[in-house]
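Let's take a friendly walk through the charged residues of a protein chain. Have a look at the sequence and the 3D view, and then read on.

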Amino acid sequence: MLDRIPPIFKNFYFLATAAFLVWMSFFDSNDFFTLYGLNKKISDLESDKKYYIEKIDEVKKDREELLSDSELLERFARERYLMKKESEDLYVIIPEN
């Protein structure tokens, strides 16, 4: 029975290398599946970072516009926070579906 096994599979270095590759591929804490999941998570976080950086730039631009123009600031306060002047009445109409 042992005569039918090719000599390469009887070699100690081949067996040790094969065992090492199997261990590193499937059983180690840095196996292929873990590395793939971590790389995917990194790419997702980088895309989120890009999105939030764009949103921060947009908010900074809006802030500069609001602080430089008093009419725009008043309009923003009226629309967003339903603020009004002392001599005005404010009616909020909510459409029914």
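## A first question

Does Glu65 count as buried, partly exposed or exposed? Glu65 counts as partly exposed, because its relative accessibility is 34%; buried means under 20% relative accessible area, exposed over 50%, and partly exposed in between (1.4 Å probe, protein chains only).

## About the model

This is a predicted model: local features need pLDDT of at least 70 and side-chain atom pairs count only at pLDDT 80 or more, while totals for chains, interfaces and linings use all residues. Residues are numbered from 1 along each chain as its sequence is written, and side-chain values use heavy atoms, leaving out hydrogens and water.

## Salt bridges

The whole structure holds eight salt bridges (a side-chain nitrogen of Lys or Arg within 4 Å of a carboxyl oxygen of Asp or Glu). One of them joins Lys61 and Glu65, at 3.8 Å from N to O. These two residues are four apart in helix H2, so about one helical turn separates them (helices are DSSP runs of H or I, at least four residues, numbered from the N terminus).

Arg78 pairs with Glu74, with the closest N and O atoms 3.2 Å apart. Both lie in helix H3 (residues 70-81), again about one helical turn apart. Salt bridges with shared partners link Glu74, Arg78, Lys85 and Glu88 into one network.

## A buried charge

Asp31 sits in the loop between helix H1 (12-27) and helix H2 (32-68). Asp31 is buried but has no salt bridge, and the nearest side chain of opposite charge, Lys41, is 14 Å away (Lys and Arg count as positive, Asp and Glu as negative; His and the chain ends are not counted). Lys41 is in helix H2 and counts as exposed, because its relative accessibility is 51%.
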